[in-house]
Amino acid sequence: MDYNEFQSDVRIDLSSLDTEVLRQADTYFKWAKRTSEAKAHADRLEMVMEVEEARLQAAVRADPDGYQVEQGARGGVTEAAIKAAVLKHATYVKARDLYLDAKEEAAIIGKSEQAMDQKKRMLELLVTLHGQGYFADPRIRKELMGNVKDKLDRDRGTVQDFQKSKLRKVKTK
């Protein structure tokens with residue numbers, strides 16, 4: 001998974017909500033498809049691992065000495081010894097590691113798909129907030145502006161009266 005591509009796709013540009021909303025479906029589908037492909041790839045590798053396990057079990061049964069499998073107490077090869085030989089064989093270990101890596105990648109891409117779904121919900125909320133004027137510049141209604149202006153004029157007058165009275169006191173001294 002390309003982390004930079006994911007970051008670019010999941011980021012929301014608040015100044016272009018219209019564009020973000022329009023491309024959301026395509027972006028979500030891209031990540032849903034990648035999730036599906038990654039899961040299918042992991043499933044195929046799981047089958048390869050299982051086939052390799054079956055092949056090795058048959059080979060160990062056919063030639064236990066060639067795989068250094070020791071005989072059990074009763075003289076035969078035990079299932080536990082066969083399983084142990086298979087689990088430590090290099091081809092099985094490689095197949096298992098490839099499967100586990102693919103499974104991890106599928107899980108991460110699956111979370112990316114969930115993140116795109118979360119982005120959709122965030123876009124819905126942002127569009128709602130935008131429609132409610134959340135991102136608009138603050139505005140004061142005309143009637144409130146008149147009240148504010150009257151109060152400022154009164155306060156200005158009170159301050160000027162206070163300053164004049166102080167000046168009078170200073171002059172009389």
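**Ground rules**

I number residues from 1 along each chain as its sequence is written, and my side-chain values use heavy atoms, with hydrogens and water left out. As the model is predicted, I ask for pLDDT of at least 70 for local features and 80 or more for side-chain atom pairs, while totals for chains, interfaces and linings use all residues.

**Entry 1: the cores**

I started with the largest nonpolar core, which has 14 residues. By nonpolar core I mean a set of buried Ala, Val, Leu, Ile, Met, Phe, Trp, Tyr and Cys residues joined through side-chain atoms within 4.5 Å. Buried is under 20% relative accessible area, exposed is over 50%, and partly exposed lies in between (1.4 Å probe, protein chains only). Met49, Val60, Val69, Val86 and Tyr92 touch the most other members of this core. Helix α2 gives the most, with five residues. My helices are DSSP runs (H or I, at least four residues; strands are E, at least two), numbered from the N terminus.

Apart from this core I found another, of seven residues, including Phe6, Trp31, Ile109 and Met116.

Back to Met49: leaving aside neighbours within four places in sequence, Met49 is in contact with Tyr92, Ala95, Arg96 and Tyr99. Contact here is heavy atoms within 4.5 Å.

**Entry 2: α1 against α2**

Next I checked how α1 (residues 3-10) sits on α2: they pack at an angle of about 145 degrees, with axes 11 Å apart. The axes are lines fitted to C-alpha atoms over the stretch in contact, and angles run from 0 to 180 degrees between N-to-C directions. From α1, Glu5, Phe6, Ser8 and Asp9 make the contact; from α2, Arg23, Thr27, Lys30, Trp31 and Arg34 do.

**Entry 3: two buried residues**

Is Glu53 buried or exposed? I find Glu53 in helix α2, and Glu53 counts as buried because its relative accessibility is 17%. Not counting residues up to four places away in sequence, Glu53 touches Lys83, Val86 and Tyr92.

Leu123 is in helix α4 and counts as buried, at 3% relative accessibility. Which residues does Leu123 contact, leaving aside neighbours within four places in sequence? I listed Ile12, Leu17, Glu20, Val21 and Gln24. I also noted that the C-alpha atoms of Leu123 and Asp13 are separated by 9.9 Å, with the two residues 110 apart along the chain.
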